[in-house]
Amino acid sequence: MDRPITLTIAALGGQGGGVVQDWMVRLAQNAGCTVQATSVPGVAQRTGATIYYLEFWPAGDGRQPVMGLMPAAGVCDLVIASELVEAVRMVQRGFVGEETTLVTSTHRAYTIAEKSDPADGRAEEAELWQVLEEKAGRLLAFDMDAVAKEAGSVISAAMLGGIAAAQVLPFALEHFEQAIEQGGKGVAPSLAAFRGALAAAAAPRAVQVAEVPAPAAGDPRLADLPEAVAVVAGHALPRLEDYQDSAYVDEYLSLLEPFLACDADDYALPREVARGLALWMTFEDTIRVADLKTRPERLRPYLEEQQNVVRVTEFMKPRMEEISGTLPRALGAWLMRSPIARTLLTPLTSGLKIRSTSLWGYGLLRVLAGMKRWRRASLRYSEEMKEIRSWLSLLARLADSNPTLALSVAESQQLVSGYGDTHAEGLEAFRNITATAEASL
Amino acid sequence: MAERSFVSEVAQLRLGEGDTFRGENILAVTKALLECGVAYIGGYQGAPVSHLMDVFADAQPLLDELGVRFESSASEATAAAMLSASINYPLRGAVTWKSTVGTNVASDALSNLASAGVRGGALIILGEDYGEGASIMQERTHAFAMKSQMWLLDPRPDQAQLVDSVRLGFELSEASNTPVMLMMRIRACHMHGSYPAQDNVAPAFTTLDALDHPERDVERIILPPSTYAQEQQKINERWPNAVSFICEHQMNELRLGARSDVGIIVQGGLFNALSRALAVLGEGDYFGNSDVPVYVLNVTYPLVPDEIEDFARGKHSILIVEEGQPEFIEQAVNQILRQADIGTKVCGKDVLPMAGEYTTGVIQNGLERYLGKGGVSQFVPLKELPLSEPLPVRPSGLCTGCPERPLFASMKLIERELGPRHVSADIGCNSFATLPPFDMGASIMGYGLGGASSAALAGDGQRRAISLMGDGGFWHNGLTSSISNAAFNQADGVTVIVDNGYAAATGGQDIPSSRGEAAARGIRQSIEKAVRGVGIRWVRRVHTYDMQQTMRTLRDALTTNQPGPKVIVAEGECQLNRQRRVRPLQAADRAAGRRVLTERFGVDESTCTGDHSCIRLSGCPSLTIRDSSDPLRRKPVAHVDESCVGCGVCGTVAHAAVLCPSFYRVTTIEHPRWWERLLQRLNQQVLGWLLDRREAA
């Protein structure tokens with residue numbers, strides 16, 4: 001057709017969409033192709049979504065097409081998106097049709113609304129892919145972010161590779177590489193990312209399956225459980241053992257035991273109880289946090305550094321509740337009541353920065369972690385166990401009368417998470433739910 | 001110091017006859033000013049015309065050679081007043097700003113300039129910030145042209161055409177003694193193109209010549225009875241002169257087509273979208289030709305009645321493609337044709353939408369209706385995708401490491417403590433606080449008007465509103481309109497001035513309180529002294545990254561018994577500019593083997609429970625989420641990606657809000673001092689032994 005070839009680049013502010021545009025303008029000029037380009041930067045560029053648009057007229061007949069200034073439905077030959085949702089946004093805006101080769105990155109850069117959700121607010125990826133597969137004439141997909149990182153470069157170079165891989169524009173690979181070289185900045189990593197993108201685009205799109213680590217098998221105690229429950233418990237048992245001791249695992253299993261008879265829906269209720277109970281019983285007290293922060297597998301990489309000096313600083317801010325919670329029940333309860341003792345301990349609650357790669361910091365955290373042996377006597381432990389038992393008691397009573405509600409109450413355990421105020425708010429929401437459920441009995 | 005360097009663009013300004021200029025249209029216009037013998041230039045930066053200011057700010061040696069006076073004006077009003085030099089002297093002057101906001105600010109001076117009339121050509125280059133990517137309320141510059149009788153060029157966004165419009169704009173201004181506005185839409189400003197460059201022309205009469213030969217003319221003063229005479233001149237002399245100049249120089253273009261029954265009148269700036277729409281519909285080609293005749297208004301005010309009558313005569317109908325509202329051109333064309341007793345039907349807003357950007361798709365829809373092609377086809381964006389939830393939107397936000405983030409997080413935490421407050425926001429990066437996750441700010445009234453917009457809500461000494469303002473807004477207008485006003489009226493509110501050292505939102509230009517090096521500018525002025533100078537007694541400085549101090553000061557300001565306005569100057573360097581400043585220095589230190597300290601933050605996945613409260617209090621782009629590798633957890637966990645600049649706000653927020661112990665900082669020291677290395681070795685030995693022992697156990 002007697003019309004320019006169009007290229008639309010959908011990027012996020014700061015990803016270097018402008019750099020891709022500059023490369024494309026330069027390489028078209030090198031190849032003797034008439035090129036026009038425009039963009040909508042400005043405030044939109046501060047982390048918002050933005051598009052760059054180019055038109056190429058390769059005929060070399062001296063005629064100058066009137067540039068469209070923006071993509072128009074029906075004449076979008078090549079659309080490249082640096083992120084999955086932005087690719088779908090191009091569809092939404094009508095810039096992806098039968099004539100379109102759509103090149104998209106498979107990775108997600110989550111929006112503020114998705115990130116802010118207290119639970120999981122991420123868009124359903126399977127649906128996004130369905131839209132792209134349905135609407136795009138041709139779809140090329142690869143992880144531009146991963147390609148760029150692997151090459152030690154930025155995503156713009158991977159996008160250029162995606163443009164080349166699509167083979168919609170009349171340019172040879174040398175033209176692309178020449179444009180990068182002429183750009184003059186970070187040439188080697190850009191070239192590596194460009195070539196990495198070519199390879200990645202040629203490979204079929206890997207359908208991402210969330211990898212679930214296999215549970216530690218072999219615990220004989222798992223054998224007594226129905227298989228569906230054993231899958232969950234298989235993850236729970238080592239966690240509980242690690243958290244406290246072997247007796248703690250037995251305690252867990254005995255608390256779980258009454259629910260094993262509920263086999264409805266492939267043991268939905270006992271599965272959920274097994275999950276929630278394991279998480280709750282391994283609540284994050286100061287002892288647990290100190291222990292996790294000083295794991296060898298966490299600190300080793302920093303300690304093996306030879307070239308540079310590397311320090312890891314932990315940001316901790318225990319409240320009076322955390323301090324007293326670690327103490328023996330009676331002492332902790334007294335501390336919470338005693339204004340004088342609280343005043344004396346206030347400096348600890350003003351925020352601690354503990355260098356866990358220093359002898360002092362590591363030692364302090366280890367001493368704290370060592371209090372594990374007295375955990376069962378601590379105030380926090382007694383409080384948590386009280387909550388756990390009343391939750392399980394409610395579930396046991398609901399299991400027969402209202403299995404659906406029982407499952408919801410079991411799931412609502414995930415509200416009880418986090419630290420400080422977030423934990424308190426979650427606990428309050430959880431209590432409201434259990435109170436309502438209690439009232440329904 | 002702007003966000004990027006304009007060295008290569010400055011080199012382009014030196015091109016001469018025989019060279020080809022290649023680059024953005026706004027830069028071609030910049031170059032064209034020098035080719036037209038401009039004597040002085042001013043303006044206020046803002047998208048999409050910032051680059052004009054940025055390039056000239058970096059081009060002082062060239063401007064000195066040519067004898068051109070350049071100012072980074074304090075405001076658009078300043079820039080407009082600068083044009084008064086063309087009232088009495090044969091000086092060509094050009095100013096620029098973002099419209100319509102800038103034109104609003106400038107309109108007092110513009111009205112007076114238009115009334116007085118000009119002797120030297122006065123050109124106002126406007127970035128029409130309308131449609132996608134616009135950051136302001138949606139209005140038309142056209143109304144300003146009509147009310148003040150200034151001429152409005154809206155040229156076809158072809159680079160050679162634009163450059164020509166600059167030249168013709170000056171000539172038109174001189175031929176009709178009227179200031180001329182040249183407007184360019186966002187995409188047209190940023191469009192890359194080329195044109196055959198001409199030599200730069202030093203002004204024949206310079207601003208220094210004017211000082212040597214002072215002149216005045218009482219008829220050009222804005223006082224009665226001159227003003228009455230000036231209004232008559234506008235109508236009886238300047239307007240007819242302008243119309244004949246436009247006509248004679250064929251500034252508007254007639255593009256003939258085979259069809260005689262229909263025709264289209266289009267604003268020049270929309271020609272490309274129209275042409276593309278015609279091509280996609282099969283009514284034209286991709287090179288600007290179509291069967292439907294098109295009359296391109298490169299000058300949208302004033303219209304040339306004869307040309308319009310000739311175009312419409314004999315046609316069944318014509319379509320006006322005119323973006324925005326009200327439909328001034330459509331009304332005027334109707335009036336022209338009725339008065340000439342021409343019965344051609346005038347279509348426009350009946351087939352095209354009254355409001356909103358005219359994208360190719362929108363024009364295509366209108367054309368289909370106008371040309372009787374029936375139904376409206378697939379060219380409207382798909383409002384609804386087959387998704388269970390709407391596609392997530394991606395609003396603009398504060399950059400990674402932005403110093404305003406800890407300020408707004410502090411305000412958020414103080415709000416939790418003392419209850420919600422009325423917050424008046426302002427123009428600039430700080431306006432992003434009105435968006436998630438901060439969601440603070442009830443109104444935006446204008447640049448530097450944050451304080452002024454709390455004037456009615458001055459309170460009773462108990463209840464206090466908070467007003468926000470950037471340092472850019474402060475120097476633009478805020479010192480007088482907001483701060484001095486509050487002092488004079490003894491308003492009992494709290495104003496927070498964000499002192500990040502630059503006009504950050506428009507690209508990091510210098511302002512009076514900038515702290516860098518700028519030989520040609522009088523910088524390093526103290527905001528605090530200025531505030532005290534207009535009579536504010538309660539003034540505090542805080543460092544935004546010190547959230548404890550910031551929260552303490554906010555609490556104090558909101559609860560103190562001291563009456564009168566409270567001003568907090570919240571300091572923290574714009575991170576974009578800081579990175580631009582610091583990175584080369586770090587690279588140099590690294591290369592020279594000097595000590596380099598870098599910090600990065602991280603979230604411990606093992607202790608993160610996935611409640612995301614850290615994200616809701618910060619919204620940093622580098623603080624994101626990812627799947628938990630813990631098979632028992634369903635919620636994604638927080639995660640700091642590699643774009644982290646180590647500003648430390650996430651850790652500080654975790655402290656201040658008592659969030660969780662998951663944040664950690666990794667400090668890396670390259671080329672450490674010997675004792676740092678020694679200490680590290682010692683730690684490594686002992687800790688390594690301890691870890692070995694644990695693993696063995």
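User: What is the radius of gyration of chain B, and what would a compact globule have?

Analyst: In this predicted model, chain B has a radius of gyration of 29 Å, which agrees with the value near 26 Å that a compact globule of 697 residues would have. Its C-alpha atoms fill a box of roughly 100 × 65 × 60 Å along the principal axes.

User: And how many helices and strands are in chain B?

Analyst: Chain B holds 24 helices and 24 strands, and 53% of its 697 residues count as buried.

User: Switching topic, how many residues of chain A are in contact with chain B?

Analyst: On the chain A side there are 91 residues, in contact with 93 residues of chain B. The largest share of that chain A side, eight residues, comes from strand 7 of chain A, residues 309–316, and the side as a whole divides into 45 nonpolar, 24 polar and 22 charged residues.

User: Which strand of chain B does strand 7 of chain A pair with?

Analyst: Strand 7 of chain A pairs with strand 24 of chain B, residues 663–670, in the antiparallel sense over six bridges; within this pairing, T313(A) has R665(B) as its bridge partner.

User: Which residues have the most contacts inside the largest nonpolar core?

Analyst: Those are W151(B) and M181(B), in a core of 286 residues, to which helix 6 of chain A, residues 155–166, gives the largest share, eight residues.

User: What is M181(B) in contact with, leaving aside neighbours within four places in sequence?

Analyst: Its contacts include I124(B), L126(B), A145(B) and W151(B).

Definitions and conventions: Residues numbered from 1 in each chain as written. Chains lettered and ligands numbered in written order. Predicted model: local features only at pLDDT ≥ 70, side-chain atom pairs only at ≥ 80, totals over all residues. Contact = placed C-beta atoms within 7 Å. Helix = DSSP H or I, 4+ residues; strand = E, 2+ residues; numbered from the N terminus. Nonpolar A, V, L, I, M, F, W, Y, C, P; charged D, E, K, R; others polar. Pairing = 2+ DSSP bridges. Core = buried A, V, L, I, M, F, W, Y, C linked by C-beta atoms within 7 Å. Buried ≥ 20, exposed ≤ 12 C-beta atoms within 10 Å, placed from the backbone. Rg over C-alpha atoms; globule rule 2.2 N^0.38 Å.
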